Amino acid sequence: MQITFNKRLLLIITILVTLSIGAGIVIYKLWSAEQQPLLTIEDLESEVDDTFELVLPGPRINFPNDFRMHPKFQHEVWRYIAMLNDEQGNEYLVQWFLFRISMSEDEGTGWESPQIYTSQAIVTTPDQVFRDQRFARGGIGLVGMRQRPYQLSIDNWTLRSFSGFPMPGRLSISSDQFDINLSNSLDKPYIPLGENGYQVTHELMSRALYGYAAPYVKSAGTLTIGKQAIEVSGMAVFNQVWGTDIIGEDQKGYNQFMFRLQDGRVLSVTKTRHHGDVDAYHYGNIYTPDGGHVALKHDDIEIHAIGSSTLSNGKTLPLQWVVNVPEYNIFLTAKTPRLEQWANLSIPSWSGRIEATGSINASGYLQLIGY
């Protein structure tokens, strides 16, 4: 599954960096989903003006070397999405994101590190949605990666394994409202996105990223909500993408879909949205149970909103969709059974489970950013 940086992240991190330089500390405030952000991100401007490595066709993703961080590129994202059930069949959704942005191509140590991070954890139960987030600067021991054995962490949130690979591994997240402890095993191999890990995200604008996905991850463990421990199991996807100018100033957001089709295939598609007269762009991948995949280009995919819903916070969002890949006989109509899943975090988004019918039934996941 592909992951892109939102301009909102770049802007709020710039504010945090400015505060850390002026006061010697990074100040941040967590706000609940019912509150409005203290800053209007759209009114601020980025101060990042540096030269980073470009994303070009040719290099191939290499394992395990590319499980590392890629600090010469401006942006990097790790994403873990698990669709789980308890013993009674109740549905749960666990989301963990780690975002890295580099303010400069120059290397620095300690407080001079140009690497800034934010992370989000979201747990959706049958009754509630719990959210938390972390911020950190690189170089001072609060966030980082160890390759052998693999460990990716920010504060006390950690994905670790006993090898140089992310999976098999354990995701451990602790917050005031919930704890996540999930063991993960790889059911199928890691798969480079697009063509050998080079994923075009807008052909006319020459925009692309590097990355890989693990779309077949078996997940099982415990979610603790308050004092209640809930045993859950299901399937997850883990991916990592990196690049420079992943989302440019012209882009206002994206819609990301992931479907687990009834025949075992996994469809992951993204629709990017742009300001002005720039048309939306589609890209994605189909993963197959035998470990193969097909890279999908814009003309391969049809994505149309067919209905919208208004949330209690007043936002009107497109939450009913048609997603078609005609060449592979995939014609889906998707909707969510649950509207109130807005996460008003550092990168505001709506994200939740969806169900699809059509040429084949599917369960899935939708994330909307930039609304």
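Two strands pair if DSSP finds at least two bridges between them. Strands here are DSSP runs (E, at least two residues), numbered from the N terminus.

This is a predicted model, in which local features need pLDDT of at least 70, side-chain atom pairs count only at pLDDT 80 or more, and totals for chains, interfaces and linings use all residues. Residues are numbered from 1 along each chain as its sequence is written, and side-chain values use heavy atoms, with hydrogens and water left out.

Strand β2 spans residues 91–102. Of its 12 residues, 11 are buried, so β2 is largely enclosed by the rest of the structure. Buried means under 20% relative accessible area, exposed means over 50%, and partly exposed lies in between (1.4 Å probe, protein chains only).

On one side of the pairing list stands β1 (residues 75–86), which joins β2 in the antiparallel sense over 11 bridges. R79 has F97 in β2 as its bridge partner. Four residues lie between the strands in this hairpin, and G89 takes a positive phi near 90 degrees there. Towards β3, I101 stands opposite I116.

**A residue in β3**

V123 sits in strand β3 (residues 115–124). Is V123 buried or exposed? V123 is buried, at a relative accessible area of 1%. Leaving aside residues up to four places away in sequence, V123 touches L93, Q128, V129, F130, F178, I180, L223 and I225. Contact means heavy atoms within 4.5 Å. V123 and W96 are 27 residues apart in sequence, yet 8.9 Å apart in space, C-alpha to C-alpha.

**Salt bridges**

Side chains of opposite charge can pair when their charged atoms come close. A salt bridge is a side-chain nitrogen of Lys or Arg within 4 Å of a carboxyl oxygen of Asp or Glu. The structure holds seven. Three of them are listed here.

| Pair | N to O distance |
|---|---|
| R100 and E76 | 3.1 Å |
| R353 and E91 | 3.7 Å |
| D187 and K188 | 3.4 Å |

R100 and E76 meet in a salt bridge. This pair links distant parts of the chain: R100 is in β2, E76 is in β1, and they are 24 residues apart. R100 is buried at 0% relative accessibility, and E76 is also buried at 0%.

R353 lies in strand β22 (residues 349–358) and E91 in β2, 262 residues apart. R353 counts as buried at 12%, whereas E91 is partly exposed at 37%.
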